Amino acid sequence: MLKQPRDIRAPRIARRAVRPAICLGLCAWLLTGCGTLTKLSEVGRDPAMTPTDDPTKDPKWRPLTLPMPAPQPSPTEANALWRSGSRAFFKDQRAAQVGDIVTVLVNMNDSANLKNNTTSTRASTDTAGMANFFGLEKLVPPTVTPASLLAAKSGNSNIGAGQIQRNEAVTLRLAGIVTQVLANGNLVVAARQEFMVNGELRDLQVTGVIRPQDIASDNTVPHDRMAEARISYGGRGQLTDLQRARWGQQMMDILMPF
């Protein structure tokens, strides 16, 4: 029975057709994954600001869950002017509900200075000899001196120095929105602000949990009274791109073992 000849060109043609597709897919993945398409679309013009919207509509936003105390019902008293749980006799104008605005004051001036010096030195010398040993030292060849058969000397020196010096100063003042009221009355605040100066876009973001008691009479709260605070100050633009290493260099820094 004769076998039909197999066309060996088909696999080669298939491989030739697959290779360009793989290359195009890889290039598209690199362009979209590294934000290159976005940067190319902003060539010749300033970076576009994100529109003002509801922070809870962000796909990355998640409701915050923290340990809460057991609920305690407040007793109601007839003909009473004072309501249990009220913070003031008159109406309070500070933020208290979802959608209210509160001003967050960020004033960080941190500094740290750590310096360590270590010096370790060790030296040792050992000498051994045998001038007389029951007359057997005469059997030793003349080229060997019995009085100095062994001499050893060692030394070790280790000097280490380390210093860490850090100075940070950040002063921000931006308004945020109460996005959630927890069961114990604490407020979850999300503040975001963008401004552009000479084509450089600056992005400020502050999120955290505050107590209503820590809000001042002018509806402001300092950042050191904010729990689970997340403060971000960055930007986008040509100056920021010049100060950031390219993604290829970042990959080389991670993959190169030397």
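Tutor: R225 is partly exposed, its relative accessible area being 46%; buried denotes under 20% relative accessible area, exposed over 50%, and partly exposed the range in between, with a 1.4 Å probe and protein chains only. The model is predicted, so that local features need pLDDT of at least 70 and side-chain atom pairs count only at pLDDT 80 or more, while totals for chains, interfaces and linings use all residues. Residues are numbered from 1 along each chain as its sequence is written, and side-chain values use heavy atoms, with hydrogens and water left out.

The side chain of R225 meets that of D214 in a salt bridge, at 3.4 Å from N to O; the term requires a side-chain nitrogen of Lys or Arg within 4 Å of a carboxyl oxygen of Asp or Glu. This pair links distant parts of the chain, 11 residues apart: D214 lies in the loop between β4 (200-210) and β5 (220-222), and R225 in the loop between β5 and β6 (227-236). Strands here are DSSP runs of E, at least two residues long, numbered from the N terminus.

D214 is buried, at 13% relative accessible area. D214 also forms a salt bridge with R211, where the closest N and O atoms are 3.0 Å apart. R211 is partly exposed, at 43% relative accessibility.

How values were computed
Helix = DSSP H or I, 4+ residues; strand = E, 2+ residues; numbered from the N terminus.
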